[in-house]
Amino acid sequence: MAKEALKPQAIAGDFSKIVDKEAMRPSNDAIKWSGKVPHVLTVAGSDSGAGAGIQADIKASGALGVYCSSVITAVTAQNTVGVQGIHPVPEEFVAEQLKSVLSDMQVDVVKTGMLPSTGVIKVLCHKLKQFPIRALVVDPVLVATSGDVLSGPSTLDAFREELFPMADIVTPNVREASVLLGGFDIKTITDMCSAAKSLYSLGPRNVLVKGGDLPESSDAVDIFFDGEHCHELRGVRVRTHNTHGTGCTLASCIAAELAKGSPMLGAIQAAKCFVEEALEQSKDLAIGNGPQGPFDHFFKLRNHYARPCGTRFKPRDLFLYAVTDSGMNKKWGRSISDAVKAAIEGGATIIQLREKNIETKVFVEAAEASLEICRSYGVPLLINDRVDVALACETDGVHVGQSDMPVRTVRQLLGPNKIIGVSCKTPEQAHQAWLDGANYIGCGGVFPTNTKKNNPTIGLDGLKNIFQSSLLPGVAIGGIGVENAHMIVEMGLPNLKGVAVVSALFDRLDISSETRRLLGVLETTRIPEEKRLEASE
Ligand SMILES: Nc1ncnc2c1ncn2[C@@H]1O[C@H](COP(=O)(O)OP(=O)(O)O)[C@@H](O)[C@H]1O
Ligand SMILES: Cc1ncc(COP(=O)(O)O)c(N)n1
Ligand SMILES: [Mg+2]
């Protein structure tokens, strides 16, 4: 199996090297299928619930523009609750399916999933010697995420002694790595690196130990070992129960990217980015009644908000928008990052550091400390006005006013993956923000406020005037608190996605409880029926 072509580009620097996955997103260029098409063959089980197994592999490959054929090794009766039954396909028929595909089609990469018996593993190894391919991705599916056994302990030797030495990469999760290493205890990222190195000694060219189920890990961290360096691939842990099929999907995305010619590390980064985006986009999916639902592999077809990986923005992030104020922090004797943490713990969905009188060094330190907190909760962090601080700290974006740096310039500096918000008082300013490439608008002040002196208020009518024509989602800001936030919600304006607040949170003794109170108002206020009808016209 000619593997040199896929030799990973080892990156200097050892364990603590966190590789920037943004550099390698799945190519979004439209792949026109003509002539030789990148081709993955999945050799795996069928999941009747279609969240994992060959169904996940075929969907993932298709989403990445790669053709995917399939050899079924077992048929499982499975849903979001678990696996109710397994019917292995006789190994001679697995051999027949392999011969049908490999003898007729130019398969670039084979990806394996559920291999229920030693016999099937032996048949597969034999066929791969008979029909050489460019790369082999082995996802050693032993136990489904639901906990059901998919490949018994009798297959461990065949995985370790026959299949692993042929693999370009093996992708065990923490549990599978532990079992394959005879019960090696994996509790930390350092343990994951040790496990990856031990698995590497079994013969695969590369090892990826997946950390989706690593206990107490605030991020989703995987460890990639290429024989020289341990690379830490860190992604945001998406708070969702729709994780059925994450492992299958990651492995089939790696196979698809390899089939398109990516180097190994680039393929892994692109695959991880795809899974993270799919999970993020599928948080509200409700398929099945069990504890672990599937996610949407075709989110890019449905998602008209272009959210390249690395942009943690969705309009619903604007729901409860906390804007810090250094004067208030000084008054209450708290640091900016403490205020940020308290607001997020109370339910804030996005944070903006608005620090008008602060030394740049202090601002950068506060932004870095706040970003660490925001990342751990998966909450976007924006910087008010100071594009230099946003760039220096790699925050999720900026919010600029009409007299700050022009939005087009900000977009050129920050690139497509960052969030840009713009303060607007008129429909014309909102339209210009859309033309200039902003992601959202902040409109106000709605009610009189002491936070922003001599700032003419626009009132509810001004707010309505803007959002009735705005092409961008946005928030209302200015004098908003628990006593009047319901009035904003009751307007029922489709693009008005939330409220931005300052003193209602930060000029209070207990930020978290004030935030929770405001969240309660926003969540319980109902849009009057007539407004709902008006909005739907
Ligand atoms: N909640 C999550 N948020 C973001 N990434 C996740 C999440 N759960 C799993 N992943 C990622 O999905 C991929 C599959 O990991 P994992 O779920 O551990 O595999 P398996 O499904 O085989 O148990 C890994 O890249 C992991 O980091
Ligand atoms: C047929 C089949 N193959 C694989 C898995 C693993 O699923 P996950 O990726 O969620 O661990 C599964 N549940 N069913
Ligand atoms: Mg999983």
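Q: Which conventions apply here?
A: This is a predicted model, in which local features need pLDDT of at least 70 and side-chain atom pairs count only at pLDDT 80 or more, while totals for chains, interfaces and linings use all residues. Residues are numbered from 1 along each chain as its sequence is written, chains are lettered from A and ligands numbered from 1 in the order in which they are written, and side-chain values use heavy atoms, with hydrogens and water left out.

Q: Which residues come nearest to ligand 2?
A: A residue is near a molecule if one of its heavy atoms lies within 4 Å of it. Of the 15 residues around ligand 2, the nearest are Gln78, Thr145, Gly245, Gly247 and Cys248.

Q: Which atom of ligand 2 is 2.7 Å from the side chain of Gln78?
A: A polar contact is a pair of N or O atoms within 3.5 Å; within protein, one must be able to donate a hydrogen and the other to accept it, and residues adjacent in sequence count only if both atoms are side-chain atoms. Here a nitrogen atom of ligand 2 is 2.7 Å from an N or O atom in the Gln78 side chain. An oxygen atom of ligand 2 lies 2.7 Å from a polar backbone atom of Gly245.

Q: Is Asp222 buried or exposed?
A: Buried means under 20% relative accessible area, exposed over 50%, and partly exposed in between (1.4 Å probe, protein chains only). Asp222 has 6% relative accessibility, so Asp222 counts as buried. The Asp222 side chain reaches the backbone nitrogen of Gly211 at 2.9 Å and makes a polar contact with the side chain of Lys272 at 3.1 Å.

Q: How many salt bridges does the structure hold?
A: A salt bridge is a side-chain nitrogen of Lys or Arg within 4 Å of a carboxyl oxygen of Asp or Glu. The structure holds 20. One of them joins Lys341 and Glu345, at 2.5 Å from N to O.

Q: How many residues apart in helix H11 are Lys341 and Glu345?
A: Helices (H or I, at least four residues) and strands (E, at least two) are DSSP runs, numbered from the N terminus. Lys341 and Glu345 are four residues apart in helix H11 (residues 336-346), so about one helical turn separates them. Lys341 is partly exposed at 34% relative accessible area, and Glu345 is partly exposed at 37%.
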